Amino acid sequence: MLTTLNTAYTDTRAADLAWALGREPLPALATLDLELTGAKLQLRLLGASHQVLLDEERGSHCSETVACIPGSSTPLPLGVAKRVDDWEYEFAARVEVLSPGSFAGRAQELLALVSDHPHGLAGVFPGSPHAFTAMLAQRHEGQVHWRTWHAYPQDGQLVATRTRVGVRVPAAL
């Protein structure tokens with residue numbers, strides 16, 4: 001699903017992105033509710049980037065926020081591995097710096113991929129067709145995965161994140 005976000009472009013620098021786990025739902029400009037084999041997932045586009053809410057039938061909950069959060073002291077990490085309820089949570093992020101021509105091509109490719117996918121949500125900010133946040137989710141082998149892309153055309157930066165949440169497997173004795 002592709003939408004134009006009716007808001008000012010406030011998420012304007014990759015360096016301003018912060019990561020948070022466990023935040024309450026923030027006001028969203030667009031959402032996509034998904035049912036993924038025993039899990040409910042809500043992809044949320046915020047004026048300042050994204051939030052994912054995951055609820056599983058057994059009662060476990062997970063909330064991931066990557067956004068420009070005023071007063072946040074947790075910058076975007078390269079990687080995180082944590083236990084959340086009964087789950088193992090893994091997060092990774094990277095920043096790609098692209099030339100203007102490469103950036104435009106990559107932006108079009110990602111927007112086409114996500115907007116045509118039944119588990120995809122993308123929002124374009126007013127003022128630039130290449131200023132966007134895009135999200136794509138799936139369930140694979142009992143784990144929920146999502147990827148996000150945050151585009152900053154003025155700097156040629158594309159922030160890509162990858163998250164995996166799966167049931168914790170007890171260690172063998």
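Modeller: A search of the whole structure turns up two aromatic pairs. This is a predicted model, where local features need pLDDT of at least 70 and side-chain atom pairs pLDDT 80 or more, while totals for chains, interfaces and linings use all residues. Side-chain values use heavy atoms, with hydrogens and water left out, and residues are numbered from 1 along each chain as its sequence is written.

Biologist: What makes the pair of Trp 19 and Phe 91 tilted?

Modeller: The ring centres of Trp 19 and Phe 91 are 6.0 Å apart and the planes sit at 35°, so the pair is tilted. Trp 19 is in strand β2 and Phe 91 in strand β8, so the pair ties together parts 72 residues apart in sequence. Strands here are DSSP runs (E, at least two residues), numbered from the N terminus.

Biologist: Why is Phe 91 called buried?

Modeller: Buried means under 20% relative accessible area (1.4 Å probe, protein chains only). Phe 91 has 3% relative accessibility, so Phe 91 counts as buried.

Biologist: And why does Trp 19 count as buried?

Modeller: Trp 19 comes in at 10% relative accessibility, so Trp 19 is buried too.

Biologist: What do the ring pairs link into a cluster?

Modeller: Trp 19, Tyr 89 and Phe 91.

How values were computed. Phe/Tyr/Trp six-rings, centres within 6.5 Å; stacked < 30°, edge-to-face > 60°. Helix = DSSP H or I, 4+ residues; strand = E, 2+ residues; numbered from the N terminus. Buried < 20%, exposed > 50% of the residue type's maximum accessible area, 1.4 Å probe, protein only.
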